[in-house]
Amino acid sequence: MNASLAAYADKYRQERTYIHYDKSAYSAGETIWFKAYMMTEIAPADESKTLYIDWTDDKGEILQHSVSPLLDAVTNGQFEIPADYKGKYIQVRAYTRWMLNFDSAFLYNKTIRILSKENTSSPSKIMAIPSISFFPEGGDAIEGITNKIAFKANDQWGRPVRVKGVVIDNQGKVQDSLRTIHDGMGYFFLLPEAGAVYTVKWKDEKNAEHTASLPAIRQNGVALQVTISGTTRFFNVRYTKEVADAMDTLHIMGTMYQHLAFSVARATNTSFIKGTIPTGGLPSGILTITVFDKQWKPLTERITYVNNEEYLFRPEMEVQHWGLNKRARNEIKITVPDSLVANLSVSVTDAGIGEDSSNNIVSHLLLSSELKGDIYNPAYYFSNLSDSVSQHLDLVMLTHGWRRFKWEEIVSGKFHKPKFERDTSYLSLSGKVYGVLPGQISPGTAMVMILKQKDKQGGVLLMPLNSDGTFNDPATLIFDTAHVYYQFPKAKGLNDASVQFMTDRLPPAKIPAADNNNQWPDTTGFYRQWALVNEANEMAERMKIKTLENVTVRSKTKSAIQQMDEKYTSGLFSGDGDGYQFDLINDPFAKSAPNIFNYLQGKVAGLQVNTSSNPPSLQWRGGAPQLYLDEVPTDPDFISSVNVNDVAYIKVFRPPFMGGFNGANGAIAIYTRRGNDVKPEPGKGLKNNKIFGYTLIKEFYSPNYSSFSTKNDDRDIRTTLYWNPSVITTPQKHEAVLTFYNNDVSNAFHVVIEGMTRDGRLAHIEQVME
């Protein structure tokens, strides 16, 4: 059994992830900045190289599928919330390929509040509905044995409810009372008698009366009780006479992170088995105590938490320059013990906005990610090592399920084969050739590829093909999107073959609708945040319109745009007219736009471009403008497939447009290049595919008010003042000095520092600068 458990632990080391965000709530149009940390057991999970994050709306529809490279078990990135997003929440699910082999309950999940005037002005008027659940210690309540039965009371949003009541039998006799000990949890004792039925009568915080039935009582079985005293755990195994007669030995095993912590065998010639477990030398985490019969069939199980704080490292933060005034400079120094290599993320926000400090890198990686179900305020259980906190944490152990593996597989030694292998290498230019017969690809066969990535010079590759049609160039990593043009050797007879690229890149996982359990935060702080963001969005929109309306060209000679108009347009499409004109041939930024819709976004006052839908959609003055390609009516689906590099000129007509049908909401005419406007494109005429690689990682913008910039003229009401996901310290350089500037309205800052060391120690610091 021990050897089988060791083999399982070595083969199926499970990964956990945590994400640090720059703040806890956002508004439509804002950017969510994040950093992800990965752990396996008590160390950084540095084997997997790719993290997938699915961002979905509150109906479970995918908004974005982020794919991020993991370096030394961390990665970072951003998600831009659509400006027209109307949902109240965004759900985040993060996972590696390896994590998909196990129970989906252990994947990273978080619901992020999206602020609007409606859901920040006042709490919901919906009445709370309390409920209560019961959890016999060890799994079952056994007849004739004193059982400890824990309970958990909460409302429909997961908030704890304080309750009190009594346990009565079917004769109306009171067996014990129940009263909340901490956050809706508590316990009572019960000695079940044969044939008796037990009921709980309880009252909630409003003194409303309720009745609930206890779980069924088993006639025969084994009960496991665990008590805590400092760094020692005492266990007491009791069993009915039928169990003792049927087996002469019970095995008691303790495991942590799927590794064996202890194992003993005891005879059942007495009515109970007692034991002591010293935990001072164990790593922090969940210790699972399982009782087996002599054939190693599990009979009862109990989890208990070991917190020795060896997982902590404590960076020090010192404010070296205070700047609480308008646009003043601030400087903080972070010092890490000089023996450690640490990777930190730092966020600084307006201290007046809403904050959620109920969970952090320590409480999530060491507790929340190891249990099924939600834990209310998990950070509390790591606030100190007092006996009261330890006892409260034991209530969490009693009221939450934990099943990391199936004992039947461990006992038999026959493990299920993983469906997904680990991503031990980065996503590179790879794929497979389809439509070929076995043996048709001979040794030495290669195909020619031309790779064109955004903002990068195209390159020609000679890609060797394996005999099964697969190929991979580990030196070529893809970020954002790329176009690949390819050609097979003519002599090989592969002209009818097709290629599927990036087959290792996972699609989004199926996600249920958001479970909105965090509905009741500080609405005062969140309302302030929404008001500041809303003002910033209105300012940006006004500046956009002002800039567009001020752009006029006056010249006695024909300008380049007039020459373009004469060359491309005809009839009612020609002339200056009332609208906008864009010369894409001479626009150096045109190539950076993935499609026409992205190019037009923000360039036409009042034109709303939604690039998150498929196909993209347009709205202008209450309707959709008519689209033309070379003055022929077409639809958004076709326009989205037109390469921006093939477009010379775009003309936008204000409503109404009299040059064609359906012109009541204006028109957009798109003209493709012709004659000497057409620049030779590498790969023209070859088979090609658009491929997706890693999601582009952007840099957080932080203004520098010590130097001149035209941007500094704008009113500054940022709620995130500073975000740095990559603060690295080493034994040689164990200090980091960070500088940021205040905005125009904040008078205090909330600083959060989180991080992980190379040996798996964790840090979480919160400090208010005021």
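User: Which residues form a nonpolar patch on the surface?

Analyst: In this predicted model, the patch consists of I181, Y187 and F189. Together these residues have about 250 Å² of accessible area.

User: Where is Y187 placed, and is Y187 buried, partly exposed or exposed?

Analyst: Y187 lies in strand β15, which covers residues 185-190. For the second part, compare the relative accessible area with the cut-offs: under 20% is buried, over 50% is exposed, and values in between are partly exposed. Y187 has 32% relative accessibility, so Y187 is partly exposed.

User: How does T710 read on that scale?

Analyst: T710 has a relative accessible area of 56%, so T710 counts as exposed. T710 sits in the loop between β42 (687-692) and β43.

User: How far apart are T710 and F235 in sequence and in space?

Analyst: In sequence, 475 residues separate T710 and F235. In space, the C-alpha to C-alpha distance is 70 Å.

User: How do strands of a sheet pair?

Analyst: The strands of a sheet pair through backbone hydrogen bonds, in a parallel or an antiparallel way. Here an open sheet has 4 strands in the order β43-β28-β45-β46, with antiparallel pairing. β43 (720-729) and β46 (762-769) are at the edges, and each has a single partner strand, so one side of each has no neighbour in the sheet. From one strand to the next, the twist averages 10°.

User: How many bridges join β45 and β46, and which residue is the bridge partner of E754?

Analyst: β45, residues 749-757, pairs with β46 over 8 bridges, in the antiparallel sense. The bridge partner of E754 is H764, in β46.

How values were computed
Residues numbered from 1 in each chain as written. Predicted model: local features only at pLDDT ≥ 70, side-chain atom pairs only at ≥ 80, totals over all residues. Heavy atoms only, no water. Pairing = 2+ DSSP bridges. Helix = DSSP H or I, 4+ residues; strand = E, 2+ residues; numbered from the N terminus. Axes fitted to C-alpha atoms, helices over the stretch in contact; angles between N-to-C directions. Patch = residues over 30% accessible without salt bridge, like charges linked within 9 Å, V, L, I, M, F, W, Y side chains within 5 Å. Areas by Shrake-Rupley, 256 points an atom, 1.4 Å probe, with all protein chains shown as cover. Salt bridge = Lys/Arg side-chain N within 4 Å of Asp/Glu carboxyl O. Buried < 20%, exposed > 50% of the residue type's maximum accessible area, 1.4 Å probe, protein only.
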